[in-house]
Amino acid sequence: MKNDPAPNPTLDAMLAAQRIAFAPVMFQVARVMRNRGVLRALQRAGKGGRTAAEVAQDTGLSAYAAKTLLEASLSFGLVELPGGNGDRREGQGGRGAREGEERYAITRVGLVVENDRMTRINMDFIHDVCYEGMRFLDEAIEGGKPAGLRVFGDWPTVYEALPELPPKVRESWFAFDHLYSDSAFPKALPIVFERRPKTLLDIGGNTGRWAIQCCTHDPDVRVTILDLPGQLEDARVNVEQHGLLGRVMGTPIDFLDHGQAFPTGFDAIWMSQFLVCFSEADITQILRRARAAMGEETELWILDTFWDRQENEVAVHCLHGSSLYFTCLANGNSRMYSAADIKRCIEEAGLTVDAEIDHLGLAHTLLRCRRRDVPAGKRA
Ligand SMILES: C[S@@+](CC[C@H](N)C(=O)[O-])C[C@H]1O[C@@H](n2cnc3c(N)ncnc32)[C@H](O)[C@@H]1O
């Protein structure tokens, strides 16, 4: 029996650093292995695995391509050599395998890359929306502008660009946005509708997904969406398809024009995955405008993903990874915030948080806010 090698923290750190150095290569290899059916073929083969020649046959890849991808994937953790001891320098590759005919089996990580929906959507978002633009991160942090957005065209933020982005980019953007919001909306609905609001203002309502769900959940509610004109047009089409044009209205607005007041008279105001789109200074201003539109009874609901409220490292990693999309592609000045940062903005805007619910959906927290000047006893 071989002894395990002595721990070597320097070597471990060197390996972790090389994973960073080669991360874009590793990412593209994983994506191609997924998209070209290599991972699928290996999953079908099970523990026994497939040779590179067999994978080439399964997928239509050249023998060179199959072997290159599989060999690199040994180091990237997507495949392993079954029957060996994990040390590929010893020339194993399935007991009895002839040199050059090693069998490759999919690892647990490979199975996640192939099958996990969140991983697939995150990878598509990074490839289609972020990958090319991230080269301009340096410039983005220098100027506080989304310098990477130029790979798609000339807009001040991604939100003006959204209606005009190429179809595949839009598809990956919406899949990413909806993956997270869809996981939380059904859990949030009964909480927001506990007091049966008759009117709801959906701030940054995007394609109307939440507005439509509100109307399906409660036949009496009417929803007004505030958003940019391009998004309101998408929302109008969706709302019409659901036969809800009479109950969902859209009002165009630029939230960065702090002179524009919000409409008043709503029982509830809703902001989902919205404050992440703005700098802390703008968030405070937007919340002040929301406060000015609130009556004594109005409840302001904030649904967002805060990295300091997560239950596991996977969620924290996803949020920190997504944060730089805001810097480089979206607006140049926002990020995935901590709850502590957002709660400070809420207080500065003259509001107070009177209820907080963590772990809704994949990673969300729901905050209920009131005007601070209205004593709790005065509310119904
Ligand atoms: C990340 S999306 C969130 C969409 C939706 N609320 C959800 O939970 O899925 C942010 C929304 O805010 C809107 N938005 C961002 N900046 C804006 C601005 N300056 N003026 C108007 N709308 C803006 C975007 O158009 C987009 O619809």
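Domain bounds are taken from an automatic or database domain assignment. Domain 1 (9-115) and domain 2 (118-379) both contribute residues to the lining of the largest pocket, which therefore lies between them. The model is predicted: local features need pLDDT of at least 70 and side-chain atom pairs count only at pLDDT 80 or more, whereas totals for chains, interfaces and linings use all residues. Residues are numbered from 1 along each chain as its sequence is written, and side-chain values use heavy atoms, with hydrogens and water left out.

A pocket is an open set of points, on a 1 Å grid over the protein atoms alone, where a 1.4 Å probe fits, with protein on both sides within 12 Å along at least five of seven lines; lining residues have an atom within 4 Å of a point. The largest pocket holds about 1,300 Å³ of space, the volume being that filled by probe spheres set on the points, which are joined across faces, edges and corners. Its lining comprises 32 residues, with Phe27, Asn122, Met123, Ile126 and His317 closest to the centre. Helix 14 (313-330) is among the helices that supply at least two lining residues each and gives the largest share, nine residues. Helices (H or I, at least four residues) and strands (E, at least two) are DSSP runs numbered from the N terminus. By class, the lining has 24 nonpolar, six polar and two charged residues (nonpolar: Ala, Val, Leu, Ile, Met, Phe, Trp, Tyr, Cys and Pro; charged: Asp, Glu, Lys and Arg; polar: the others, Gly among them).

The second largest pocket contains about 820 Å³ of space. Of its 49 lining residues, Tyr159, Trp173, Gln273, Phe274 and Cys277 lie nearest the centre. Helix 10 provides the largest share of this lining, seven residues. The lining divides into 24 nonpolar, 16 polar and nine charged residues.

Around the ligand there are 18 residues (a heavy atom within 4 Å), of which Asp177, Asn206, Asp227, Gln231 and Ser272 come nearest. Polar contacts are pairs of N or O atoms within 3.5 Å. A side-chain N or O atom of Asp227 is 2.7 Å from a ligand oxygen atom. Ligand nitrogen atoms lie 2.9 Å from a backbone N or O atom of Gly204 and 3.0 Å from a polar backbone atom of Phe255. The protein buries 96% of the 600 Å² that the ligand exposes when taken alone (Shrake-Rupley method, 1.4 Å probe).

Methods: Polar contact = N/O pair within 3.5 Å; in protein donor to acceptor, adjacent residues only side chain to side chain.
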